[in-house]
Each structure stands twice: as C-alpha cells, then as structure tokens.
Amino acid sequence: MGLFRSAANALLKPLGYTVIKTSNSTKTNRSIVYKHVSAINAALLQKLGHDALKGPFKGARIIEPGSTQVGADYVSRVLGEYELEIQAAIMNGLDGSPDAVINVGTSDGYYLSCIQHLHPKLPLIGYEINADAKAACKQLLGVASNIIMKGAVDCNGLLEDLTAYPSSLIIMDIEGHETILKELDPSTFAKATLIIELHEPLAPGITDQLATHFASTHAIEVLEQAGRNPFKHKELSEFDSSEKFLVLCEFRGAHQSWMVATPNHSPK
C-alpha cells in the first residue's frame, strides 16, 4: 500500500471510509478523499469565516454568509493559497491599470469578488455557462453596477468586450475551450493581458498553439503547478501533517499549467 493511501486510510477509517485502488489503475480513489476534505473545509467555515484572511486578496468576500456550498478549496482560498501559481500574474495585471477585467469561466465568482474588493470601480465582465455556478456568482457579487454577467463565451462577445476595453486583463478557465482564442486575430488582444488555465488533456497541443498564436503580440510565460507549505499556517495547527497537505490540495491532475501572455507594448 502506498504512503498516501496509508495516511489517507488512517484519517478515513474512523469515518467509515477506506481509500482503495481502482480495478484498472494504481491511482487512489480521489472521490473518497475529496469527500473527506470537503467535510473538513465545511467544518472550518465557522472558525475561518467568509473573507480571505491572507494573500493578495485579504479581506475579500469568498463565500456568502449562509451559503452551504463549501467545497474542497474553501480553506486554500481563505488562507491565500488558491492558484498560488498565478497570483503574482494577476496582481501584475491589475498593477498595469487595465480598463476592465474579463473573467471567462467565473465559476462561483471567486476572482470577480476578489478583484471587486481591490478595485471597486473597475468594470468587470464575467462569462459562465453553468446555471448553478452563475447563480452562486451573482449571489456572491450582489448588484454592483460595475459587473456584467454573461453566458457562454463566443468570438462576438470577446470582440465586443475588447472593442470597449482593449487593455483588459483576461482570466480564462473554460476546461479546454480556450481554443476559442485561436479563432480571433491576435491583434484583437494586442493591448490585453491574458492568464489562461491550460487543459492539454482536453485540447492536445493547446500550449504550443496559443504560444505560436500570440508570439507576434505578446511575451509568453508558462507557469507549472507547484506545491504548498501548509506548515506556515497556524490556522491548520490542529491537524496532523497528512491532513495539512490534503486541506490545501486543489485536486488537479498529474500536470497543470497556466499561460501568461503579456503585451509586447505598453497597453496605454
């Protein structure tokens, strides 16, 4: 039995669960671990509260009071660890004084809420196709006049947005549909900064394709998934070492990367 499964079983057996190998794989049954970690996150809500306690978005509302939708990434958001790999890129993009932020794939509204906290008057445009996620996003953000929520992203919508706000900061996570960027002339984005979550298993070759597509207009950097140090957070002191790591786990695949495309010329 692997070290991870041994540690996970020590945690889960008192709850009546056991981590097993799937019949055709040596990989851990992640759904069982995810369920356990989600329960820990929910239990910590009362202790940690509804606003970010640390990180660049400290003070931002990350979950609406009264909400029961506490997932396995709640604690990482509260402690400023969520998608740590792209935090600096987001802050650099905001420091560049964009004329809007376009969040393609808002999910529950985490990034829009965080940016709204830092820049209350900055125009924010969100795209989300999932009805439940869109409803959660609207609940979290309220009725702020600077926020426009849309449905599925398409080329016409992006053209409209970038015509109005050419120097936008674009944060995109749409599970392989980042291929839409190849359908638009790169000059459309010439003044925009893009932070794109890449999904190679769903869109094979997309990293190289987008790097080539934006080569003439942007400087390209690819950021790779990295680990976390849970021991620096006193808020996790009650947990043993295995649970400390699990509670900051974002349950990604074996490989995850992001592309940051920065305009070659000043957007202003």
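**Around histidine 218**

Author: Happy to! The side chains of histidine 218 and threonine 217 are joined by a polar contact of 2.7 Å; the term means a pair of N or O atoms within 3.5 Å, where within protein one must be able to donate a hydrogen and the other to accept it, and residues adjacent in sequence count only if both atoms are side-chain atoms. The model is predicted, so local features need pLDDT of at least 70 and side-chain atom pairs count only at pLDDT 80 or more, while totals for chains, interfaces and linings use all residues. Residues are numbered from 1 along each chain as its sequence is written, and side-chain values use heavy atoms, with hydrogens and water left out.

The histidine 218 side chain also reaches the backbone oxygen of phenylalanine 189, at 3.0 Å. With a relative accessible area of 3%, histidine 218 is buried (under 20% relative accessible area, 1.4 Å probe, protein chains only). Beyond its neighbours within four places in sequence, histidine 218 is in contact (heavy atoms within 4.5 Å) with Phe189, Ala190, Ala192, Leu194, Ala261, Thr262, Pro263 and Asn264.

Histidine 218 lies in strand β6; strands (E, at least two residues) and helices (H or I, at least four) are DSSP runs, numbered from the N terminus. β6 (218–224) is also among the elements that cover the buried residues of α4, together with β1 (101–104), α5, β4, β5 (193–198) and β7. Those buried residues of α4 are Glu85, Ile86, Gln87, Ala89, Ile90, Gly93 and Leu94. After α4 comes serine 97, with a positive phi near 55°.

How values were computed. Buried means under 20% relative accessible area, exposed over 50%, partly exposed in between (1.4 Å probe, protein chains only).
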